[in-house]
Amino acid sequence: MSTATTCLDESDPNALTVEQALERVLAESEPVSGTETLAIAGALDRVLAEPVAARIDVPPARNSAMDGYGLRAGDGRAGSRLRRVGVSAAGHPWQGAVGPGECVRILTGAVVPEGVDTVVMQEHASESDGGGVTLERDASPGANIRERGEDTRAGTVILDAGRRLTAADIGLLASQGIPEVLAVRRPRVVFFTTGDELVPVGQPLGPGQIHDSNRYTLAALLTRYPVEFVDLGVIADTEEAVRAALAQAGATADLILTTGGVSVGDADFVSQLLQREGQVGFWKVAMKPGRPLAFGRFGRALFLGLPGNPVSAMATFSLFVRPALLRLSGAAADPPWTLRARLLEDLRKRPGRADYQRGILEQRDGGWVVRSTGGQGSHQLRSMSLANAYIRLPAESAGASAGEEVEVIPFQSVF
Ligand code: AMP
Ligand code: MG
């Protein structure tokens with residue numbers, strides 16, 4: 001593990017690449033143990049602890065995909081005149097059988113009566129007052145009929161263990177009549193921010209003070225994950241205060257998150273304590289914004305110490321905390337979706353660190369284009385607020401010019 005230096009060189013030989021750092025974070029992030037049974041209505045975004053198999057065939061019976069007439073395919077010629085013998089509506093199946101020369105009025109979702117093997121949509125037939133139905137087109141066998149089990153078959157695995165449940169999954173479970181699922185326990189995240197200059201929202205600023213934004217950002221980000229979290233507040237820049245907060249967090253947390261105090265300044269007790277009392281990890285990651293990042297363990301808890309600058313805290317959250325949270329909660333930490341976009345302006349950069357500039361991505365003339373949000377300082381939180389994507393320039397890049405294709409990571413896939 002590298003030790004702290006004050007080297008400001010862009011290409012610090014001790015710094016890990018983003019990929020190396022992520023690999024180490026993931027190697028340490030084991031899914032938590034423990035499960036709980038949840039009603040499906042409250043299971044959105046939770047992670048399945050076991051696979052789920054279909055209990056029934058869906059649809060449970062052959063039914064019509066259209067409003068129209070059900071008949072025997074042998075009678076399905078343009079010009080045929082059929083006798084209407086009944087009505088099959090959704091939830092009200094017609095019990096009889098349809099014979100040659102006969103048809104039933106059938107509505108979408110209604111069970112297909114015995115004898116019927118094609119449905120002619122009502123736009124292709126006309127009905128007279130006397131109950132005679134004349135077909136206007138030929139009907140092909142099986143048309144407009146949904147077969148039993150066509151969506152899911154009883155016994156098939158429909159959701160795998162480790163699946164983070166989506167709205168579609170919840171609906172799929174409901175369609176199976178499955179009321180509950182076994183979910184992985186939510187990992188417990190305990191977090192705090194550090195800094196003598198920080199004042200919570202709601203209190204006026206004194207000389208030299210700023211409002212603590214990171215704690216609010218973190219809480220907002222964590223809300224989107226299948227975790228429970230505890231906010232320990234702002235911790236003063238003293239060794240005792242940071243030690244006490246870490247001890248309190250370490251007693252119950254699966255993951256401790258902090259911001260600030262991980263540089264090499266005199267007041268950077270988080271990194272000092274991690275090196276002395278935790279289980280190693282002090283890193284510089286060759287990324288911008290974002291270095292340094294502290295990583296390791298306190299007690300049984302995994303620890304990620306994010307930089308204090310608000311943009312750096314968010315960038316390191318998206319690259320390292322997010323995958324760790326997913327892994328801890330039993331889900332896969334798939335790499336984010338990226339796309340290529342045409343750059344609308346020149347971007348400056350020095351070779352050495354991978355750059356995650358804040359960009360505004362939009363569609364233009366059928367393709368993606370991206371531009372910078374402007375000021376890219378790691379203290380400029382507005383750049384994150386204006387942006388909807390990172391523009392990722394590789395470490396070796398020396399900038400990019402207008403018209404070039406660049407790699408873009410939409411925020412939806414990293415927050
Ligand atoms: P540090 O990493 O503690 O050296 O902080 C780096 C910069 O981020 C300093 O300018 C801090 O004032 C600022 N900062 C640290 N923590 C926060 C926070 N919670 N909210 C807003 N700014 C912060
Ligand atoms: Mg600080």
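This is a predicted model: local features need pLDDT of at least 70, side-chain atom pairs count only at pLDDT 80 or more; totals for chains, interfaces and linings use all residues.
Entry 1. I searched the whole structure for salt bridges and got 21. I then looked at some of them one by one.

Entry 2. I started with aspartate 12 and lysine 284. They form a salt bridge, with 2.6 Å between the closest N and O atoms. I checked where each partner sits. Aspartate 12 lies in the segment before helix 1 (18-28), and lysine 284 lies in the loop between strand 18 (282-283) and strand 19 (287-288). The two are 272 residues apart, so I noted this as a link between distant parts of the chain. Buried or exposed? I looked up both aspartate 12 and lysine 284, and both are buried.

Entry 3. Next came arginine 188 and glutamate 228. Their salt bridge has its closest N and O atoms 2.7 Å apart. Arginine 188 belongs to strand 13 (residues 188-194) and glutamate 228 to strand 16 (residues 228-235). I count this pair, 40 residues apart, as another link between distant parts of the chain. I put arginine 188 down as partly exposed because its relative accessibility is 26%. Glutamate 228 is at 28%, so I put it down as partly exposed too.

Entry 4. I turned to helix 4 (residues 239-252). Here glutamate 239 forms a salt bridge with arginine 243, and the closest N and O atoms are 2.8 Å apart. Arginine 243 has a relative accessible area of 31%, which means partly exposed.

Entry 5. Which residues are linked in a network with Glu239 and Arg243? I found Arg276 and Glu277, joined to them in a network of salt bridges.

Note on methods. Residues are numbered from 1 along each chain as its sequence is written. Chains are lettered from A and ligands numbered from 1 in the order in which they are written. Side-chain values use heavy atoms; hydrogens and water are left out. A salt bridge is a side-chain nitrogen of Lys or Arg within 4 Å of a carboxyl oxygen of Asp or Glu. Helices (H or I, at least four residues) and strands (E, at least two) are DSSP runs, numbered from the N terminus. Buried means under 20% relative accessible area, exposed over 50%, partly exposed in between (1.4 Å probe, protein chains only).
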